[in-house]
Structure formats: C-alpha cells, structure tokens
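Please look over the sequence and the model before reading on.

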Amino acid sequence: MKTEGKFLKRENVALYVRNYALAVIFIFVCMVFAIASPTFLTMTNIIGVLRQVSVNGILAVGMMMVIITGGIDLSIGPLAATAGVVSALLLEKNEGILVPAVLAGILSAAIISMWTGMLVAKMRIAPFIASLSTMSIAKGVVLVIADGVPHTIKDKTYTNIGNGFLWDPSKTGGLSIPIPILVFTAVAIVVGVTLYKTRYGRHIYAVGGNENAAIASGVNTVRVKFCTYVFNGILCGIAGIVLAGRITSGQPTAASGYEMDAITAVIVGGTSMTGGVGRISGTIIGVLIIGVLNNGLVLMGVSSYYQQIIKGVIIAAAVLLDMKTKKN
Amino acid sequence: MKKRLLGLLLSLSLAAGMFTGCGSKAEEPAAPAESEPAAEDSAEPSETPEETQAEGKVYRIGVSTQAWKYEFIKNMVNALNALDDEMDNIELILVDSEDSVEKQLSDVDTMIAQKVDGILLNCLSLEGSSAAVEACKAAGIPLVEFISYTENEDYATFVGTDVKSSGIMAMDLAAEAIGESGRVFELQGIVGHTAQINRGAGIAEALENYPDIELVETQSGEFDKNKSMEVVDAWLAKYPAGQIDAIVAHNDQMALGAMNACKAANRTEIKIVGIDGDGEALQAVIDGEMAGTVLDYCEEECRLAVEEMVSILDGNEPKKEILADYVAINTVEKAQEFLTLRSGE
C-alpha cells in the first residue's frame, strides 16, 4: 500500500511535468536566476520584468493568432512604429487630443495590415512573402510620415501608458502594477476569449488545422484569414502605443526586429508553425521565459555576445522538451 | 520516456550552467586587451580628482551603451573594461542595448533594481532614452551621460565632444592636405541626422577661413560606404582629373567608400578626409590612401565619464558638462599609435 502510494505520487509528478512542461521550464529558469542573483526576486526587478515583457507580449498573442491560421506576419515591427509615429505627430500638431490620436495610430496600423490580409487571403500569396512586402511598405510609409526623425511625446498621460503605474509605487513600498502589464493582460483576455469562446476563434483553428476541411464545412476562410491579419494589426498598433509611451517618442525605426522576439515567444509557447495548434497560456509563458532570460542574463553580467548564444540554446531546449513531453 | 525527459532537463540545466562559466570568460578577452597607454596623453583637460582608493570603497556603476556590434562602441566597451581593471574603487556593470531603446530603458531599470551606486548612460536616442533619466532621478541614482546625450537634461553631467568641432577639424585637415586652395567636395551623412547637421555646420564654418577653397558639390552618402562609392563614382565621371582636389566625408565609412572609388578610377591624387577614426581609416592613413581622419577619442571620454561619476559619488558637485577634444590624425605615427591602442597589443 505504502509503495503503491509512492508510485502513484511519482506518476503524478511525471504527469504534471508532461502537462505543464513549459511552466516547469519557466520556474526552473527563474530558480537558476534567483540563486545566481540576489536582485532577481526583488520587487523592483519583478515589476521591471513585467513591464519589459508587455510590448513583446501584446505582439506575441497577435502573432500567435496569425500562426494558428497557418500564417506568419513579419511586418509587426514597422506596424507598431507606425502607430507610435502617427499618434505622436497628431499630438504634436494638436495638443490635448490624446484619445483620437491614439485611436488614429492604432487604426493606421490596422489599415496597413489590410494589405497583408488581402495578399494572403484573397491573392493566396504565401504569408511570409506577403508580410515581407508589408514590412517594407510600412517601414517606408512610417519614415515618410515621420520625415525620418523621431517625434517627442510631451503628453504626460501618453507617456504614462508606457512608464506609469496603476498607483504610485512609493506609497506602497515599491509595490504597484505597471500600466503596460495591464494593457497586456487586457489584450490577452480579449484574444483568449476570442479564440476559445467565439465562432470566429474556432474558425481560426479550423483554417490552420485543415483548410480544405474548413472550406468543406462552410467556413469562409478568406474572411477568417483577412480578419486575423487585421486583428493582429490592431494589436500591433496597441503595442506600438505602449512602446511609444515607454520611449516617450514616436520613432520611425522603433520596434525593428521585434517580430523575431514575438515569433520566438509563440514557438517556445508550444504553438505549431504549421498552424491549427496553440494556446494563449503557452504564449504568455513563452513571453515570460524570454523576458526573464533577458533580465536574468543582464543581472548576471553576462556579456551580450554570450547572451545571444545562451538564449538560442535555451529556446531550442525549451521547444525540444515541450515537443518530447507532448508526444508521449 | 522519463529518461529522455531527465536528459533534456539535464541539458537545459547545463545550458543554464553555461552562463556562470561564460560570465567570467566574457570579460577576459576584452580585459587584458588594453594596458592603457591612454594615460600618457595627458594633454587632455584633466580636472580629475585623484582617485580615492584610500577609503577602500568600491562603487558599483551600471553602464548602458549603444549596440556593441559597432566598432566605435566596441572600442568604448574595451576602454571601459580596461578602466574597470585599472581602477580599484569601481566595479562596472556593462550592458549592451542591442540597438533597442526599449531594451536600454529596461536595462536601466534592471540596474536600478540591482541598487547600483551610479549609472553611466551612452544613450541610443535623444528623445527615446529620456525615460531612463526620469527613472534614475526617481531612484535617486546619479546619472552621467557620455558620448551621446538625451533631450531630458535632468542628468548630473554630460561627458562628450562638441560634434561641430569634428567638422571644423576635418575641413582643416583637408585644407592642409591641398595647400589651402582647391576644389573640395563634401559627402554628407543621412540628412537630418544630428551628426550630419553638426559636422556639416563645422565644415561650413571652417570653410570661411579658406577663401581659396571652393566647395563644389555636397551630396549625401548616407553614412554608408556603398552609397558613398556611388556618389563619388558619379563625381569622378563628371569632373575630369584635376577638378577634384579633396573629398571631406562626414564619417570614415563614406571616406573609405570614396577612397575605393578613387582607387578604382586611378584618381589617387584626390585627398580624402573622414571623421571617426575607424580602424580601417587609420590603416588607410598609414598606407597613405587617406589624407586624414578626425578621431573621436572615446577612450578618453570614457575615462572622464567614469572619473566624473566617482567624483560625484565622493560627494563633489557635478560639473554638468565636460568636453573632450577630438584628435586630428594625419600622420603615419599618430594613426599607428591609435591603431595599436585599439587593437590591444
């Protein structure tokens, strides 16, 4: 009896590990850093990490939706930059129109992403190529709009979207919630509900899982794909606003290269590159793993050249572990 | 299956274990690189208080820089590592922003969380990095910016150069090379870039002193070697031999592009001057292929920045602004001196 109970317990652990491999990796990475650096688990640092992951987090959940449809979007960096620049410029010209300016910024990103949506859904161009086209167009468009130079954001409310807290942390001994993480949480909830609770969400999985079967069962795949790219464009816009608030300016070259971090988070989070599979919880943990790696390696004073090597190795290891545990 | 899982976990922990090993290794190749001959150049303004090792107090200073993939920044990082080794009263924590303003801001937050005594910021963006200034202020940590500065001037001190003077110096070098008379061409940087504006203004200012020099054409080479070759190729086709005496470029990469174009067209009589003091340009000066370059003596600026930080931490009043001089490189000896310093032998 005794041995049996023990056996069962061990089986339980294995089961947990299998189901929550990602969470286990995340906790493991955190533990390594907690031992290596006394700063890692301090309140300021944890809050810092949460704020740091927000922009990538918003981009990653959008990217996840696109990848679930079997696509990819390489244009998210310039899309985010567009939102920041458009809103910053509008505010520069007309003070005090914060809400319309921010909405216009998000809208501009959504409009540009329609190009990708159209190319992929209607013209049936491979998403990689289509979004590469959008990436180049958006990069150019944002440079034209911004005239190649950054535009400072003076509006305090706007900069608080990136730098602010829900309440003043100095009053509660450093404990507070950064605004960006609130935005990320809200976005994650909206995307989660959309994916799991709506018909459109089920269609996203259907299109990515087996497009022909989806068509056969009456799913308008063209519309689903188009909407997903535009939805992603809106999220890029939101991320761009948070980023612009954070760097207190609309910069035409902001967020360049961010697509790679977003894709990495999605893949580490267990989403299949071939589409049809992916969970928001996985992506969130993927985002956290990358954020913690960035932070922890800096805390440990690892040279940036080595940081990139280590990150690459850990990402491969995490995905491998996740794959192996899923197979069994 | 369990064994495999274990194996994977093990390999993961191994990967994780790597960084402890790497952490120390990473410093090594850079550290002994410089035995710092920089000290001998004491012509620089040295309002430095004597290092206060006496108390045996070690200041932990966080340093956030622009991306290390650029040669100039790497030189700077090497210089900082050398200072870290040389000065007993400081411990520098160097972080690469990898060209992302957001990462730079996060890194500064991380350093604040580490409770460093002071922060040195080589900011990535005039506008974008300003949030770091706020963060340091809120945390009560003294901030010294070096080489580049933020729009938000709420920092203790800026240590750097007067960019315009590099333009003046470059034009002076070119004028000297052509005997203060002739036809000069200017290769601009990316139009609207602060370096382009200031270096261009310096060149224009210096030109007023040379009535016999004519500035024939100004074109943008966008700070890019390849782009500048295209521009210079066009000039060489348009102006036959004897009609171009000198080319002044806003950076060394463009100067090197111009040099390549001139070499290919067999017009090596054209005197070429750049700005920055890149290794390749120094070599070109040694080989007699470039007339000169204006070297941004970042090693000296790093030293001044670190010393200013130590002085502030010792309780002295911040100096608000410290300007270092550029170094004109137009002789083989001078070029060799800096090339040796930077190759770390």
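What percentage of the 345 residues of chain B count as buried? The share is 50%. The model described here is a predicted one.

**Chain B as a whole**

The secondary structure of chain B consists of 11 helices and 12 strands. When contacts in chain B between residues at least 6 apart in sequence are considered, 75% of them join residues at least 24 apart.

**Strand S1 of chain B**

Strand S1 of chain B spans residues 59–65, and because five of its seven residues are buried, the strand is largely enclosed by the rest of the structure. S1(B) runs parallel to strand S2 (residues 90–96) of chain B, and seven bridges join the two. Within this pairing, B:Gly62 stands opposite B:Ile93 of S2(B). In a regular strand, side chains alternate between the two faces of the sheet.

| Helix pair | Residues | Angle | Distance between axes |
|---|---|---|---|
| H8(B) and H9(B) | 252–264 and 279–286 | about 45° | 9 Å |
| H9(A) and H11(A) | 199–209 and 221–246 | about 105° | 10 Å |

In chain B, helices H8 and H9 pack at an angle of about 45°. That angle makes H8(B) oblique to H9(B), and the crossing of the two helices is left-handed. From H8(B), the residues B:Asp252, B:Ala255, B:Leu256 and B:Met259 meet B:Glu280, B:Ala281 and B:Ala284 of H9(B). An α-helix has 3.6 residues a turn, so residues three or four places apart point the same way.

In chain A, helices H9 and H11 pack at an angle of about 105°. H9(A) is therefore roughly perpendicular to H11(A). Their contact involves A:Tyr200, A:His203, A:Ile204 and A:Val207 on the side of H9(A), and A:Thr221, A:Val224, A:Lys225, A:Cys227 and A:Thr228 on the side of H11(A). The residues of the contact of H9(A) with H11(A) comprise five nonpolar, three polar and one charged.

**Helix H12 of chain A**

Helix H12 of chain A, residues 258–268, is mostly covered, with 10 of its 11 residues buried. Among the buried residues of H12(A) are A:Tyr258, A:Glu259, A:Asp261 and A:Val268. After H12(A) comes A:Gly270, which has a positive phi, near 90°.

Definitions and conventions. Residues numbered from 1 in each chain as written. Chains lettered and ligands numbered in written order. Predicted model: local features only at pLDDT ≥ 70, side-chain atom pairs only at ≥ 80, totals over all residues. Axes fitted to C-alpha atoms, helices over the stretch in contact; angles between N-to-C directions. Helix = DSSP H or I, 4+ residues; strand = E, 2+ residues; numbered from the N terminus. Parallel < 35°, antiparallel > 145°, perpendicular 65-115°, else oblique. Left-handed = near helix turned anticlockwise from the far one by under 90°. Contact = placed C-beta atoms within 7 Å. Buried ≥ 20, exposed ≤ 12 C-beta atoms within 10 Å, placed from the backbone. Pairing = 2+ DSSP bridges. Nonpolar A, V, L, I, M, F, W, Y, C, P; charged D, E, K, R; others polar.
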